[in-house]
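This report goes through one protein chain by topic. Please keep the sequence and the structure in view while reading.

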Amino acid sequence: MHSREDAPRLVVPDQAEAIARMKIERAGWAVRAFARFDRAAVMKVSRAVAEVAFSQAQHYAAWAVRETGMGVVEHKKLKNELSSHALIDFYENTDLVNPRVDEARRMVEIPKPAGIILALTPATNPISTLYYKTIIALLGRNAIVFSPHPLARDCCCDAAAKLEAAAVAAGAPAGLIQCIEQPSVPLVQALMASPKIQVILATGGGAMVRAAYSSGNPAIGVGPGNAPVYVDPSADLNTAARRIVDSKAFDNSVLCTNESVLITLEKSRQQLERALRAAGAHICSEAETSKLRDWLFPEGHLNTAAVGKSAEWIAQQAGFRVVGSIRTLVAPVSHLGIEEPLTKEKLCPVLTFASAASFEGATSMAQMVLRVTGSGHSAAFHGEDRQRAMLFANALPVYRVVVNAPCSQGAAGFATHLAPSFMIGTGYFGRSSVGENIGPQHLVHWTRLAWNSDASVPFGDFSEVRAPFDNGDGVSAPSFKPSPPAATTAVDEGSSIDRDVLRQLILQELRQLTRSEP
């Protein structure tokens with residue numbers, strides 16, 4: 001039996017558009033049925049998909065690296081795992097299905113799924129993004145149609161089919177999870193403008209995100225990263241250096257949350273350089289930095305050949321050599337700003353390094369980095385001076401500042417308690433509609449029944465009101481017990497996995513992987 005990878009199906013453009021529109025029609029039938037599932041049935045489907053996603057993490061990690069030529073298999077495997085069980089765990093108690101009764105405000109809130117989601121996936125993180133968007137869509141009773149990046153088409157289409165089969169086996173209607181097999185820019189633009197699409201989840205290049213916002217349909221897009229990381233003299237410099245190098249080397253730095261520019265004070269510079277070397281970084285000479293700049297930013301634009309490649313490979317292409325154990329290239333510069341190309345975002349293990357005479361100067365440098373690109377996204381702070389951490393965060397136009405943790409994983413919610421996400425909202429600073437990590441709650445809106453505020457007007461008892469669910473079997477659910485706004489739902493007692501233990505094991509594996517050679 002041949003996989004899609006062995007024999008991709010070729011169709012002409014007109015056929016591709018017809019097939020894509022048929023998928024949207026099919027998704028419409030599926031989502032109307034799925035909208036009547038109760039929470040237990042929704043969680044059953046979501047968990048079944050997460051289980052299969054987790055079990056196939058290694059398979060699709062290897063496939064993605066082989067197909068795209070980007071990243072590190074073991075790191076992609078870990079990202080795929082974190083986008084399955086860990087994601088379900090985080091939203092275990094988030095009820096987006098049952099109506100909520102707020103007696104104090106005399107209000108009943110009924111959740112309404114978005115409907116059909118068109119989701120773009122990037123070549124840099126194809127499977128982890130597909131896993132993540134699938135699960136957050138299902139948790140809100142939505143259908144999702146993927147348009148994968150052409151460089152990752154085959155692995156994405158195969159993964160979507162695998163997750164769809166798992167959902168159907170768990171009782172979901174067919175058509176909830178689909179993938180466009182022949183994506184193209186004109187086709188995607190046409191689908192984004194379709195009145196049958198309720199919302200677009202846009203992850204990818206800036207042009208495609210802008211196209212999503214101008215499509216005429218609601219869109220949730222994310223802007224580019226370019227995270228400045230400041231290391232304060234109050235930090236344990238060895239620990240900070242190790243965290244930064246581990247983060248920058250993780251999956252060859254294809255996550256938009258990776259550290260881009262390292263800033264410290266002049267009095268700490270030499271000691272931090274020694275710590276960076278000990279952690280596996282190569283500090284470039286002035287000549288090497290010049291070669292790196294010229295190769296990495298020809299004519300001022302990022303050389304896309306560098307994306308997701310190893311530090312050793314990039315150094316060789318730039319015209320100098322480093323030993324195979326080097327995981328990150330550190331490029332010292334004398335200044336930052338629009339005239340210095342190394343100030344820009346770099347989706348590869350190259351870290352720009354600058355120093356300032358004062359904390360205020362370092363903060364100004366970080367502001368300069370974000371003015372070039374990355375506003376609204378992320379920054380990082382290493383140190384024990386809490387006052388400076390507050391001042392640093394307050395001064396920067398970002399919506400998340402990771403403290404004493406690797407920014408690649410921390411801003412994405414896998415080394416902090418932020419929501420785990422592969423869509424990092426950049427908010428108003430980054431010309432986006434959402435400033436937090438995107439989750440299933442952003443794919444559900446609520447209809448509110450608002451009673452007269454006059455206490456003499458009866459509000460009533462909802463304990464005998466029937467829930468509008470039939471789980472696709474035509475049998476109405478019994479009376480529902482409305483959840484208050486802060487209600488939680490217990491973890492499924494029949495689960496064969498201790499999810500807290502599993503999460504700790506995955507995080508331990510993350511720490512081990514990021515300390516090893518890519």
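## Two residues with positive phi

Arginine 106 sits in the loop between strand E1 (100-102) and strand E2 (107-113). In this predicted model, arginine 106 has a positive phi of about 55 degrees, although it is not a glycine. Most residues other than glycine have a negative phi. Is arginine 106 buried or exposed? Its relative accessibility is 13%, and since buried means under 20%, arginine 106 counts as buried.

Asparagine 404 is another residue, not a glycine, with a positive phi, here near 55 degrees. Its place is the loop between strand E14 (398-403) and helix H16 (407-410). With a relative accessibility of 22%, asparagine 404 counts as partly exposed, because that class lies between the cut-offs of 20% and 50%.

## The chain overall

The chain has 518 residues, of which 57% count as buried. DSSP runs in the chain amount to 17 helices and 15 strands. The accessible surface of the chain is about 21400 Å², and carbon and sulfur atoms account for 54% of that surface.

Contacts in the chain can also be sorted by separation in sequence. Among those between residues at least 6 apart, 74% join residues at least 24 apart.

## The five-stranded sheet

In which order do the strands of the five-stranded open sheet lie? The order is E5-E4-E3-E6-E7, and the pairing is parallel. Strand E5 (177-179) and strand E7 (219-221) are the edge strands, each pairing on one side only. On average, neighbouring strands of this sheet are turned by 20 degrees against each other, direction ignored.

Leucine 201 has isoleucine 220 in E7 as its bridge partner. Helix H7 (residues 153-169) lies across strand E3 (116-121), strand E4 (143-148) and E5, and runs at about 160 degrees to E5.

## The seven-stranded sheet

Another open sheet is formed by seven strands in the order E10-E11-E12-E9-E8-E13-E14, again with parallel pairing. Strand E10 (281-283) and E14 each have a single partner strand, so one side of each is left without a neighbour in the sheet. Neighbouring strands here are turned by 25 degrees against each other on average, direction ignored.

E10 pairs with strand E11 (residues 328-332) in the parallel sense, over three bridges. Isoleucine 283 has valine 330 in E11 as its bridge partner. Which helix lies across strands of this sheet, E9 among them? Helix H10 (residues 237-249) lies across strand E8 (227-231), strand E9 (259-265), E10, E11, strand E12 (350-356) and strand E13 (376-382). H10 runs at about 165 degrees to E9.

## A crossing pair of helices

Two packed helices are described by the angle between their axes and the distance between the axes. For helix H12 (residues 286-296) and helix H13 (residues 311-318), the axes come within 9 Å and cross at roughly 90 degrees. H12 is therefore roughly perpendicular to H13, as angles of 65 to 115 degrees are counted that way.

Which residues make the contact? On H12 they are Lys291, Leu292 and Trp295, while H13 contributes Trp313, Ile314, Gln317 and Ala318. By class, the contact of H12 with H13 has five nonpolar residues, one polar and one charged.

Notes:
Residues are numbered from 1 along each chain as its sequence is written. This is a predicted model: local features need pLDDT of at least 70, side-chain atom pairs count only at pLDDT 80 or more; totals for chains, interfaces and linings use all residues. Side-chain values use heavy atoms; hydrogens and water are left out. Two strands pair if DSSP finds at least two bridges between them. Helices (H or I, at least four residues) and strands (E, at least two) are DSSP runs, numbered from the N terminus. Axes are lines fitted to C-alpha atoms, for helices over the stretch in contact, and angles run from 0 to 180 degrees between N-to-C directions. Contact means heavy atoms within 4.5 Å. Angles under 35 degrees count as roughly parallel, over 145 as roughly antiparallel, 65 to 115 as roughly perpendicular and the rest as oblique. Ala, Val, Leu, Ile, Met, Phe, Trp, Tyr, Cys and Pro count as nonpolar, Asp, Glu, Lys and Arg as charged, and the others, Gly among them, as polar. Buried means under 20% relative accessible area, exposed over 50%, partly exposed in between (1.4 Å probe, protein chains only). Accessible areas come from the Shrake-Rupley method with a 1.4 Å probe; for residues, only the protein chains shown count as cover.
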